[in-house]
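Please look over the structure shown below before reading on.

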Amino acid sequence: MALVTNITSFGRSGLADFVLQRVSAVVLGLYALCICGFFATTPHVDHAALVGFLDSLTMKAFTTLAVVALGMHAWIGMWTVGTDYVRRHYFGRGHTVYLAVYQLICLGAIFVYVLWPLSVVWRLGGVVP
Amino acid sequence: MELDLPEGRDLMVLDVLELLKARDPSIAYRRSCREGVCGSDGINMNGRNGLACITPVSEAAPRGKLTLRPLPGLPVVRDLVVDMSQFYRQYEKITPWLVNDKPPPAQERLQSQEDREKLNGLYECILCACCSTACPSFWWNPDKFVGPAGLLQAYRFLADSRDTATAERLAALEDPFSVFRCRGIMNCVSVCPKNLNPTRAIGKIRTMLLSQGI
């Protein structure tokens, strides 16, 4: 049995969070390289070129994967920061309320940061015919 | 407090404390063996944790000014004396004894020389708490993060060929705090008075957890 239990960590296990954080970092690194490659090899980068690049099914799937990886990576990181700093020593007996509020704010922000790019990417074909 | 040290000799910080106590008997600190074995006199000297008995004044205070503080992160009982209960609770959590479910042999459980060598760099820990109290992760979560000293000992028993509770030990450490709160900043390595490497032991525990979990 684990020495410490916690219900709000992403994978409910330190090992799962550790692996997911690293795998998502690799996905984000590859995606960043891909985007940099596009900018380096495209002579005139404008809206149409960007849409043309991101509108393929492969890039849509890769972007979706990267955005989901960003969400996972951000939640694991922000959860770690919160459980380090929002604690009883600084916030007194009500520290769990502050921690819950902090986690809800993070969750809301991550929700927006994941849904917004996904809605943009999957509607790309409709923006530029 | 100003103190004139005898010329031509490099005193240890513990000697300075003894001189100070002779002047002011109310000063409180722990000490015992005065040769770096018992681990009683772990304190913070000019911002760096260490054992007062084996730290020369010339090393701790090269400019002649020495600021002594209790080990950071633990409740202070008085002056340089800290309450180590939290530190010992974490040590207790890792089951710091051999667990073997096989019937005991007539004389003793034997170990090959190769298996015994795996314990070098682990068993020497004297539990002075210099490493754990230099670790920000331990300051932030002293009740959840086992800390470098406890984790070095956790690996000491995981690495022991005579121990048969490897799966249970690893399962106990799998949560997000006990091991994985280590950020690998290696403060523990830089302050250990016995030159041990808790960060390496923590890395090995993570590798064992990964091997078991994947």
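## Two helices that cross

A crossing of two helices is called left-handed if the near helix is turned anticlockwise from the far one by less than a right angle, and right-handed if it is turned clockwise. Helices (H or I, at least four residues) and strands (E, at least two) are DSSP runs, numbered from the N terminus. This is a predicted model, in which local features need pLDDT of at least 70 and side-chain atom pairs count only at pLDDT 80 or more, while totals for chains, interfaces and linings use all residues. Residues are numbered from 1 along each chain as its sequence is written, and chains are lettered from A and ligands numbered from 1 in the order in which they are written.

Helix 3 (residues 85-93) of chain B packs against helix 6 (residues 148-158) of chain B at an angle of about 20°, and their axes are 9 Å apart; axes are lines fitted to C-alpha atoms, for helices over the stretch in contact, and angles run from 0 to 180 degrees between N-to-C directions. Helix 3 of chain B is therefore roughly parallel to helix 6 of chain B, a description used for angles under 35 degrees. The crossing of helix 3 of chain B and helix 6 of chain B is right-handed.

## Chain B as a whole

Chain B has nine helices and five strands, and from the N terminus on its elements follow the order α-β-β-α-β-β-β-α-α-α-α-α-α-α. Its C-alpha trace spans about 60 × 40 × 25 Å along the principal axes.

Of the 214 residues in chain B, 38% are buried, where buried means that 20 or more other C-beta atoms, placed from the backbone, lie within 10 Å of a residue's own, while exposed means 12 or fewer and partly exposed lies in between. B:Glu2, in the segment before helix 1 (13-23) of chain B, is exposed because 4 other C-beta atoms lie within 10 Å. The C-alpha atoms of B:Glu2 and B:Lys65 are separated by 9.1 Å, although these residues are 63 residues apart along the chain.

## Where the chains meet

In the model, 14 residues of chain A are in contact with 17 residues of chain B, with contact meaning that the C-beta atoms of two residues, placed from the backbone, lie within 7 Å. Helix 1 (residues 14-41) of chain A gives the most to the side of chain A that touches chain B, with four residues.

Note on methods: Parallel < 35°, antiparallel > 145°, perpendicular 65-115°, else oblique.
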